[in-house]
2 protein chains.
Amino acid sequence: MIKIGLLGLGTVGSGVVTIMENNKESIRRKVGTSLAIEKVLVKNLDKERDLDIDSRVLTSNIEDIVYNPDIDLVVELIGGEEPACQYIKEAINRGKSVVTANKLVIAKHGTEILKLAREKGVQVSYEGSVGGGIPIIRPLKESLAANRIHEIYGILNGTTNYILTKMTREGRKFQEVLAEAQKLGYAESDPSSDIEGYDAAYKIAILASIAFETSIDISSVYVEGIDGISVDDIELARELGYVIKLLAIGKRCERGLDIRVHPTFIPRSHPLALVSDVYNAVYLHGDAVGDVMSYGKGAGQMPTGSAVVADIIQVARDIHSGRVVTPSLDTTIKHRVVDINEIENSFYLRLQVRDKPGVLAQITKVLGDNKVSLASVLQKHRLTTVVPLVLITHPVKEQFINKSLKELKKIEDVVSIDSLIRVEEESI
Amino acid sequence: MIKIGLLGLGTVGSGVVTIMENNKESIRRKVGTSLAIEKVLVKNLDKERDLDIDSRVLTSNIEDIVYNPDIDLVVELIGGEEPACQYIKEAINRGKSVVTANKLVIAKHGTEILKLAREKGVQVSYEGSVGGGIPIIRPLKESLAANRIHEIYGILNGTTNYILTKMTREGRKFQEVLAEAQKLGYAESDPSSDIEGYDAAYKIAILASIAFETSIDISSVYVEGIDGISVDDIELARELGYVIKLLAIGKRCERGLDIRVHPTFIPRSHPLALVSDVYNAVYLHGDAVGDVMSYGKGAGQMPTGSAVVADIIQVARDIHSGRVVTPSLDTTIKHRVVDINEIENSFYLRLQVRDKPGVLAQITKVLGDNKVSLASVLQKHRLTTVVPLVLITHPVKEQFINKSLKELKKIEDVVSIDSLIRVEEESI
């Protein structure tokens with residue numbers, strides 16, 4: 001029997017307990033022995049729980065788990081940076097293997113944690129930290145191990161994808177859809193980590209560190225959220241043959257790695273364009289395998305529980321068979337994350353301009369002087385003096401676009417610059 | 001150093017050699033030591049090869065590999081049932097682990113081979129046998145291990161998917177597109193195993209045996225190919241909101257398992273409907289994870305090579321670290337594959353009938369008497385005496401449809417029954 005210490009009995013923790021109970025027999029066959037949840041760390045021992053669990057296993061003292069010699073495997077599902085990170089290190093130091101779904105801890109401290117696990121001869125698995133139940137971490141480490149991965153594109157945050165899907169389908173405003181998502185439980189009461197793109201940034205940093213065998217400094221990842229996306233942009237994207245997604249990108253580029261998260265125009269015919277609602281997807285290109293995509297529910301009690309229990313099964317199987325499997329260090333190679341100003345992209349640019357002769361000429365001159373050339377121009381003629389002007393550029397370094405914007409603002413007949421959204425087209 | 005004996009240097013074999021050479025350093029880091037191709041079994045030692053390989057490693061004698069004590073790992077890429085199966089067993093008997101992409105051998109003899117490997121304490125991996133480079137076998141065994149899998153739907157044959165895609169997009173006939181696919185190398189000169197559905201049947205049998213922890217008798221799998229699909233059916237499917245795909249299905253059902261391969265109407269909005277050309281996909285539903293789909297190139301030198309080299313890396317890593325990893329037997333549970341006559345499906349039925357009053361009433365009476373109720377009726381009025389009549393039924397057991405067809409043929413004004421295609425809608 002393998003004894004497990006569970007840290008946290010919230011949404012995912014309860015899912016893990018449920019799955020382990022529902023599929024007990026099949027799990028026992030796969031591990032080769034039965035699994036027992038020996039102790040569960042909770043904040044409040046007396047809280048009413050919707051779960052069939054023996055109250056004697058509950059504890060509010062972390063020492064009952066990390067200092068417990070009976071426990072082989074610690075499953076961390078508290079979330080957040082601390083004390084989760086501390087507990088994980090404590091468990092490893094005591095010779096226990098760890099399974100976690102904590103993207104924040106893995107993105108920020110993964111290298112250190114994996115190094116410690118290697119020293120102590122224990123395993124650390126974190127399939128649940130990215131993409132909920134979609135098999136992605138292990139396939140990237142194992143099934144795609146023969147490939148040099150060139151690019152990863154991910155829709156890695158269910159909340160923002162739900163909001164963008166609703167805005168696209170129903171033509172409703174960001175704030176309105178966000179409020180509804182909060183009411184339905186699809187967005188948290190403090191949705192900033194999702195909306196501002198940080199959740200997706202942690203996840204792409206984790207995927208990129210595996211794919212590019214490196215350690216990614218999370219502070220070097222460019223992040224932009226979806227709160228600035230208007231219904232006008234979504235409608236114009238549609239007219240131009242695109243959809244807007246919060247895309248997490250990890251690419252090899254000339255001088256290092258290109259890692260970023262931002263709203264992105266994606267061609268409507270691309271498989272990622274069809275990933276809707278709370279679904280997540282990872283699309284990648286490897287030199288041998290070509291293009292591969294995985295798709296599924298990226299969050300939630302049962303999908304994330306599925307990933308966590310899969311990790312538990314693998315680690316428990318190894319413990320049971322007496323195997324020593326130390327995590328390989330994915331940080332062999334030093335890569336620089338290239339500054340966003342140096343990255344080339346196509347851009348969608350929406351301005352309000354006065355409907356006068358010569359305005360377009362002035363604008364295109366500014367752009368041309370800054371090495372920005374245009375792929376398409378869409379001018380909406382209306383019976384007003386101020387009209388929208390929509391431009392899509394050819395790929396150009398971000399710094400030139402920024403310089404152009406400064407100069408465009410000085411043109412008298414440019415009333416406002418409303419949107420600047422990157423377009424992913426060349427390599428996707 | 002881990003020494004490999006490669007059986008076969010055809011398309012996939014050459015891909016494996018190329019990938020191992022291209023990504024040598026990264027593979028060495030992942031394994032923990034370097035890999036060497038010690039011997040390669042070929043038919044013709046003197047053949048000119050487009051490959052940078054030392055001619056001294058080539059041999060035409062299988063004994064140089066399976067009896068070679070230096071070789072730790074045998075990679076079987078000859079294909080076909082024999083002598084491949086014999087060589088695999090021979091290698092296992094000599095204590096060597098095996099990696100293979102041979103769907104025929106695994107579908108027919110997998111249980112026996114895994115049992116033998118277990119006895120001898122060696123590994124057998126076969127990721128390349130299904131879905132080319134798409135990670136599917138290992139994710140099903142590991143990342144989704146926490147789930148009770150309810151259903152698997154696969155587009156598992158690239159040749160037939162290419163042909164159906166071309167027929168759909170260009171309105172061209174089966175024979176014409178097949179001839180073109182053969183010219184382009186997308187279909188073999190003898191395409192029967194692809195066209196008739198057997199290739200997909202081997203693959204779904206392999207996936208189902210893992211998902212349902214059982215041994216599938218391949219002869220109990222119902223198989224129907226795409227050679228009967230007409231452009232009319234494809235066009236009518238489109239009008240009714242479907243696309244036609246060669247679908248491989250593995251489901252749990254009331255009295256056992258429902259495993260089959262046949263052309264199928266799929267709702268146009270379903271993710272599988274968008275899998276085009278030579279792409280493959282596996283869509284499954286697990287009790288915890290919900291719906292998950294993986295998508296990628298299902299065949300070819302480099303994609304299949306990617307899967308084979310991934311297996312080589314995993315097995316070599318285990319051999320290098322001295323781990324003994326014996327395959328778990330997936331055959332614990334006895335399931336019966338339910339006869340197709342007992343399976344319930346909706347059906348698309350296309351007939352030619354005389355355009356006379358009372359004909360539809362006669363037809364619906366026959367159907368009703370046989371428990372077949374209709375979900376929709378499409379009658380095309382034309383300026384001819386014989387018109388097409390298209391029916392879609394509610395789910396009904398196959399035996400009742402077959403009985404109905406026999407009786408419909410006897411109605412004088414039913415000129416011909418042109419098509420009967422299953423519709424997947426309820427559970428997909």
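1. Let me start with a question: with which residue does A:Arg29 form a salt bridge? The partner is B:Glu213, and the closest N and O atoms are 2.8 Å apart. Please keep in mind that this is a predicted model, so this distance is a computed value. The count of salt bridges between chain A and chain B is 2.

2. Staying with the interface, polar contacts across chains A and B come to 17 residue pairs, with both residues at pLDDT 80 or more. On the chain A side, four elements each supply at least two residues that touch chain B: helix H2 (24-31), helix H6 (137-143), strand S12 (290-297) and helix H12 (301-320). The largest share, 8 residues, comes from H12(A). Sorted by class, the side of chain A that touches chain B has 23 nonpolar, 11 polar and 13 charged residues.

3. How much area do the two chains bury between them? The figure is about 3,900 Å², with 53% of it on carbon and sulfur atoms. In chain A, the residues that lose the most area to chain B are A:Ser143, A:Ala146 and A:Tyr295, which together make up 14% of what that side buries. As for contacts, 47 residues of chain A meet 47 residues of chain B.

4. Now to the annotated lysines. An unreviewed UniProt entry places the feature "active site" at A:Lys203, a residue found in helix H10 (residues 198-211) of chain A. Is A:Lys203 buried or exposed? A:Lys203 counts as buried because its relative accessible area is 7%, which falls under the 20% cut-off. Its side chain makes a polar contact with the side chain of A:Asp199, at 2.7 Å. Beyond its neighbours within four places in sequence, A:Lys203 is in contact with A:Lys103, A:Ser129, A:Val130 and A:Leu156.

5. The other lysine to look at is A:Lys103, where UniProt (unreviewed entry) places the feature "binding site". A:Lys103 lies in helix H5 (residues 103-120) of chain A. With a relative accessibility of 28%, A:Lys103 counts as partly exposed. Which residues does A:Lys103 touch, not counting those up to four places away in sequence? They are A:Ser129, A:Asp199, A:Tyr202, A:Lys203 and A:Ile206.

Technical notes: Residues are numbered from 1 along each chain as its sequence is written. Chains are lettered from A and ligands numbered from 1 in the order in which they are written. This is a predicted model: local features need pLDDT of at least 70, side-chain atom pairs count only at pLDDT 80 or more; totals for chains, interfaces and linings use all residues. Side-chain values use heavy atoms; hydrogens and water are left out. UniProt positions are given in the numbering used here, feature names are shortened, and annotations may be inferred rather than shown by experiment. Buried means under 20% relative accessible area, exposed over 50%, partly exposed in between (1.4 Å probe, protein chains only). Contact means heavy atoms within 4.5 Å. A polar contact is a pair of N or O atoms within 3.5 Å; within protein, one must be able to donate a hydrogen and the other to accept it, and residues adjacent in sequence count only if both atoms are side-chain atoms. Buried area is the accessible area (1.4 Å probe) that two parts lose on being put together, summed over both. A salt bridge is a side-chain nitrogen of Lys or Arg within 4 Å of a carboxyl oxygen of Asp or Glu. Ala, Val, Leu, Ile, Met, Phe, Trp, Tyr, Cys and Pro count as nonpolar, Asp, Glu, Lys and Arg as charged, and the others, Gly among them, as polar.
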